[in-house]
Amino acid sequence: MVGLQVKGASDRIALDQREQEVTETEARVAAYRGTVEEQVARVERRQAVLDALVRRHFGNIEVDENEAETAEGAETADESSAAIPEAAALRTLERQQVAFARALRAAVEARTQQTAEAIREFGLDPRVMSSRAQGGPLIPIRTAMTLDGAIDDEIADLEIALNRLAVMELSLRAIPSAKPTAYGAMTSPFGLRRDPFTRARAMHNGIDFRGSHGQGILATGPGRVSFAGWKGGYGRTIEIDHGAGVVTRYAHLSGISVSVGDRVDRGDRIGRMGSSGRSTATHLHYEVRINGRAVNPRPLLEADRDVLEIQSVAGRRNGDSVERG
């Protein structure tokens, strides 16, 4: 009887141990499932953000997965991945996403530098062209990617780099680089000269182009007409706002073909050459102003083919999105 009692107690202990093991296994399985589901959701959210960023700034492009897999900076698997074999594949995908974000950011920063160099080739300062008045309340970042109170730094840095590139490309696109008239030699350059009426020294804030009465005047870059009418000594005048603080002025016209608010593209005919206002003969007075200050238009009209190609790419990437201000 003693032996049976001892065996019965031993069996109960063994049964309790098995029940405890089953309970612990079920808890581990639930924890595994919860961790895997969290990683799946995190990967999906990050991928959605990456896809949106690429579409917004580069359109629909194919991504070289091999390049993302071999990019530098892949992190080692964390403890949860080591403890949960089912999560290892997801963790690997997460590392590839981070590596892809880093590689894409490097490409974006290289393009930003190339765009800045193109602006310098026009004789302009990219810091002035891309500067913006900024402000507003502080809004902490809380997005679907937030994990344990921290944002994915690589994704956030990528979006910041993309926004910086967009501003720089809009600035480059705003530079008017086409000729304002198809025919006509330059008769008076930018800078100090003798005033044609008083013969005293005076500042000439633009370039004069000779031509025939009624000759077509062309927009030198995409933008929106901000003024069309009579402007004192300028006579009949058109002003186009190209964004990024850039405005072009076309003066002494005999006729105006656009109205305030019209959207124009590079090369569009906007008026006719004349001699209205304070003018000695038929010609076009052409000005370029950046943030209200007149700059010499000549370097903008004499840029080499490579710079113009970079500007053309920036225009195609940004479409009709011309930033105002």
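**Overall layout**

I began with the fold elements and found eight helices and 12 strands in the protein chain. Helices here are DSSP runs of H or I with at least four residues, strands are runs of E with at least two, and both are numbered from the N terminus. A note on ground rules: this is a predicted model, where local features need pLDDT of at least 70, side-chain atom pairs count only at pLDDT 80 or more, and totals for chains, interfaces and linings use all residues. Residues are numbered from 1 along each chain as its sequence is written, and side-chain values use heavy atoms, with hydrogens and water left out.

Next I checked burial: of the 325 residues in the protein chain, 38% are buried (under 20% relative accessible area; exposed is over 50%, partly exposed in between; 1.4 Å probe, protein chains only). The protein chain exposes about 18,400 Å², with carbon and sulfur atoms supplying 52% of that area (Shrake-Rupley method, 1.4 Å probe; for residues, only the protein chains shown count as cover). I also looked at contacts (heavy atoms within 4.5 Å). Among those between residues at least 6 apart in sequence, 71% join residues at least 24 apart.

**The aromatic pair**

How many aromatic pairs does the structure hold? I found one. The ring centres of Tyr250 and Tyr286 are 5.4 Å apart and their planes meet at 50°, so I logged the pair as tilted. The rule: rings of Phe, Tyr and Trp (its six-membered ring) pair if their centres lie within 6.5 Å; planes under 30 degrees apart count as stacked, over 60 as edge-to-face and the rest as tilted. Tyr250 belongs to strand 8 (residues 246-256) and Tyr286 to strand 11 (residues 283-290), so the pair ties together parts 36 residues apart in sequence. Tyr250 is buried at 0% relative accessible area, and Tyr286 is also buried at 0%.

**Charges over rings**

I then looked for a charge over a ring (NZ of Lys or CZ of Arg within 6 Å of the ring centre and within 35 degrees of the ring normal). Lys231 places its charged end over the ring of Phe227, 4.5 Å from the centre. Arg249 lies over the face of Tyr234, and I noted 4.7 Å to the ring centre.

**Positive phi in two loops**

Arg199 is not a glycine, yet has a positive phi of about 65°. I placed Arg199 in the loop between strand 2 (191-194) and strand 3 (201-204). Ala244, not a glycine either, has a positive phi of about 55°. Ala244 sits in the loop between strand 7 (236-243) and strand 8, and is buried with a relative accessible area of 6%.

Is Ser188 buried or exposed? I have it as buried, at 9% relative accessible area, in strand 1 (residues 186-188). Its side chain makes a polar contact of 2.9 Å with the side chain of Arg193 and another of 3.5 Å with that of His204. A polar contact is a pair of N or O atoms within 3.5 Å; within protein, one must be able to donate a hydrogen and the other to accept it, and residues adjacent in sequence count only if both atoms are side-chain atoms. Leaving out residues up to four places away in sequence, Ser188 touches Arg193, His204, Gly206, Ile207 and Asp208.

**Asn163**

My last stop was Asn163, in helix 6 (residues 153-174). Asn163 is partly exposed at 35% relative accessibility. Its C-alpha atom is 9.8 Å from that of Val108, 55 residues away along the chain.
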